[in-house]
Amino acid sequence: MRAKISYAITAAVLVFYFVLVGSRGVMLIQSGTVITVTFGVAVLILPVIGLWFLWKNTQFVRRANALAAQLDAEGGLPVDELKRTPGGRIDRDSADEIFAKRKAETEAAPDDWRSWFRLAVAYHDARDTPRARKAMQRAIALHDGRTAEA
C-alpha cells in the first residue's frame, strides 16, 4: 500500500510539473515572436513526452499487479526463500541460486506467462531491473495472448 501511495504522490507531482511547464510553453507561444514560438513549441513537447511515459509506466504497473493478483489467487506467487544479510539485504549468492532455478523453469516452459513472471521477480531480486522489466513485459504479452521478444 505504501508503494501505491508513493507512486500516486509522485505521479501527481509530475502532472503538476507538466501543467506548469506546459503553461510556460503556451506563454512563450503567445508572445508571438519567431524565437519564442519556437521555444514554446519545444517546451510543450516535454510535458507531452512526460505524460506519455507516465501513462505507459502506469499501464505496465497495473498489468503487472493484475498478473500478481491472478498468480496469488492460483497460489503460484514465488515464495521468498532468499537468504538475507544481517542488515536485511538480499544475499547475492542466494539471489543467483534462485535466479538459476527460475531461468531453468522459464526455459522449460517458454510460453507460460507464470514462469516469465517468476523470472522477472528473480531478475528484480538479483538487482537487474532492465531484464526484470523485459521479463515482466514478456509475461504480460503472453498473458494477453500476444507474442513479444524477451
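Which side chain does E105 meet in a salt bridge? Hi everyone, let's start there. The partner of E105 is R118, with 3.9 Å from N to O. A salt bridge here requires that nitrogen and oxygen lie within 4 Å, so this pair counts. E105 sits in helix α3 and R118 in helix α4, residues 113-125, so the contact ties together parts that are 13 residues apart in sequence. As for cover, E105 is partly exposed at 29% relative accessible area, whereas R118, at 16%, counts as buried.

Please keep in mind that this is a predicted model. The protein averages a pLDDT of 90, and 97% of the residues score at least 70. Among its elements, helix α3, residues 92-108, has the lowest mean pLDDT, 88, while helix α5, residues 129-143, has the highest, 95.

Another of them joins D80 and R84, at 2.5 Å from N to O, and R84 is partly exposed, with 41% relative accessibility. Then there is R114 with D112, whose closest N and O atoms are 3.4 Å apart. Both are partly exposed: R114 at 25% and D112 at 23%. Through shared partners, salt bridges join E74, D112 and R114 into one network.

M1, I5, I9 and V13 make up a nonpolar patch on the surface, and together they have about 450 Å² of accessible area. M1 is found in the segment before α1 (2-31), and M1 is exposed, with a relative accessible area of 73%. Thanks, everyone!

How values were computed:
Residues are numbered from 1 along each chain as its sequence is written. This is a predicted model: local features need pLDDT of at least 70, side-chain atom pairs count only at pLDDT 80 or more; totals for chains, interfaces and linings use all residues. Side-chain values use heavy atoms; hydrogens and water are left out. pLDDT is the predictor's confidence in each residue, from 0 to 100. Helices (H or I, at least four residues) and strands (E, at least two) are DSSP runs, numbered from the N terminus. Patches are made of residues with over 30% relative accessible area and no salt bridge: like charges are joined within 9 Å, nonpolar side chains (Val, Leu, Ile, Met, Phe, Trp, Tyr) within 5 Å. Accessible areas come from the Shrake-Rupley method with a 1.4 Å probe; for residues, only the protein chains shown count as cover. Buried means under 20% relative accessible area, exposed over 50%, partly exposed in between (1.4 Å probe, protein chains only).
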